[in-house]
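Dear colleague,

I am passing on the structure below, followed by notes on what was found in it. Please read them with the structure open beside you.

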Amino acid sequence: MILPIVAYGDPVLRKVGEEIDENYPGLAVLIENMFETMYEASGLGLAAPQVGLPLRLFIIDCSPFAEDEENASDVSHLKGLRKVFINAEIINEQGEEWEFQEGCLSIPDVREPVSRPEKVRLRYRDENFEQHEEEFDGYAARVIQHEYDHIEGILFTDHISPLKRRLLKRKLSDITKGNISIAYKMRFPTPKRMR
Ligand code: NI
């Protein structure tokens, strides 16, 4: 089932996610629905707060990076990098900071360069609640760092300069009000009838 994606301005995007346990009702279905929702919206990652649930859960599928033929570096390992992260905790971030144009399904049509360290090591549970400790780098690290921010109540626009953020103010407020046209299903914090 496709779930509506929560738009910028909704307080749920600012909540620190709560841990979930194995008995969380309907977890398998929720994860399945999140993948369906993410693919429908052509996203590379999706976090539970983006479907209205302040939980420490996010998913990624980095395959589109592997299909980008203009990519100079070897990205074949990203094909099929489809993963579920439950109760993730970052252990450390290392390497040189690099800039990459980020976007977010909750903030349509906004893309801005964000600097982050090259590598991230984290501890998490997968969809079967098996514990892992793993390091990711490059594009995979980037998507994970972005999604991890979501479960901490942080958005990529928090990482850009105050000046750039000021320039985006009108656009962000249009998103909150739903004054945008988008190809996927969204839920806006300020519905039209309330304006
Ligand atoms: Ni996002």
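Is Tyr39 buried, partly exposed or exposed? Tyr39 is partly exposed, with a relative accessible area of 38% (buried means under 20%, exposed over 50%, and partly exposed in between, with a 1.4 Å probe and protein chains only).

Please keep in mind that this is a predicted model, in which local features need pLDDT of at least 70 and side-chain atom pairs count only at pLDDT 80 or more, while totals for chains, interfaces and linings use all residues. Residues are numbered from 1 along each chain as its sequence is written, and side-chain values use heavy atoms, with hydrogens and water left out.

Tyr39 belongs to helix α1, residues 27-40 (helices are DSSP runs of H or I with at least four residues, strands runs of E with at least two, numbered from the N terminus). Beyond its neighbours within four places in sequence, Tyr39 is in contact with Asp61 and Arg82, contact meaning heavy atoms within 4.5 Å.

Leaving out residues up to four places away in sequence, Met34 touches several residues, including Leu3, Leu46 and Phe58.

Best regards
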